[in-house]
Amino acid sequence: MGLRILAEQGFTGLKLTTVCAELDVTTGGFYYYFKNLRHFIDELINYWLESWTEDMVRTAEAESDPFARLRILIDEGTRLPHQTEAAIRHWAASDPAVATAMHRADSARTQVLRDTLATLGLDEAERDQIAESALYLLIGYEFRDPQRQNPETFRWGLHLLLEYIERRAAATSGDAEPEASRM
């Protein structure tokens, strides 16, 4: 519910009256569960971080094949609540606690990508460039006008990055045929 409010109204929509109306509780009922609105916000951001970043990282890390892991990251990345994330990114500019959570999410997401690229033999500088490029694709997509977002184009861009990674991994290993062409 709080994430939906963020997606629809931005962080300015997270007011006690709005939250209580959405939860269909009185303010007394709200205060039974949360000390104050800040406590609710902290729990909401922690829920978002756990559900949409830490779970994604665990899912990816459970896959031993690096190319399958990259495809998991693409699938998970395209399913993120992009409007909610755009609101959180906007909010992070004015709230240090939210900025810290956003930084943790971005760091965890790019680190699992860097770690995967390391298993493919890419050097550190190239791993950093690819991870940052993937993050830029994500942020750009999230800040695109929701009416003009095109999930297929976003996925296409991520797959172009995957094709590049496959070519670089093949070149690094001396393998003449990239992974994608073996499927």
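A residue is termed buried under 20% relative accessible area, exposed over 50%, and partly exposed in between (1.4 Å probe, protein chains only). By this criterion, buried residues make up 42% of the 183 residues in the chain. This is a predicted model, in which local features need pLDDT of at least 70 and side-chain atom pairs count only at pLDDT 80 or more, while totals for chains, interfaces and linings use all residues. Residues are numbered from 1 along each chain as its sequence is written, and side-chain values use heavy atoms, with hydrogens and water left out.

**Overall architecture**
- The chain has nine helices and zero strands, these elements being DSSP runs (helices H or I, at least four residues; strands E, at least two) numbered from the N terminus.
- Taken along the principal axes, the C-alpha atoms fill a box of roughly 65 × 30 × 30 Å.
- Of the contacts (heavy atoms within 4.5 Å) between residues at least 6 apart in sequence, 60% join residues at least 24 apart.

**Helix 2**
- Thr 18, Val 19 and Cys 20 are buried in helix 2 (residues 16–23).
- The buried residues of helix 2 pack against helix 1 (2–9), helix 3 (27–33) and helix 4 (37–61).
- Asp 24, which follows helix 2, has a positive phi, near 55°.

**Salt bridges**
- The whole structure contains 15 salt bridges, each defined as a side-chain nitrogen of Lys or Arg within 4 Å of a carboxyl oxygen of Asp or Glu.
- Glu 54 and Arg 104 form one of them, at 2.9 Å from N to O; Glu 54 lies in helix 4 and Arg 104 in helix 7 (residues 96–119), so the pair ties together parts 50 residues apart in sequence.
- Glu 54 is partly exposed at 25% relative accessible area, as is Arg 104 at 43%.
- Arg 58 and Asp 55 also form a salt bridge (2.4 Å, N to O); being three residues apart in helix 4, they are separated by about one helical turn.
- In the salt bridge between Arg 109 and Glu 85, the closest N and O atoms are 2.6 Å apart; Arg 109 in helix 7 and Glu 85 in helix 6 (residues 82–92) are 24 residues apart.
- Arg 109 is buried at 9% relative accessibility, and Glu 85 is buried at 0%.

**Arg 127**
- Arg 127, in helix 8 (residues 124–143), is buried yet has no salt bridge, the nearest side chain of opposite charge, Glu 124, being 4.6 Å away.
- A polar atom of the Arg 127 side chain lies 2.6 Å from the backbone oxygen of Leu 122.

Conventions:
Lys, Arg positive; Asp, Glu negative; His and termini not counted. Polar contact = N/O pair within 3.5 Å; in protein donor to acceptor, adjacent residues only side chain to side chain.
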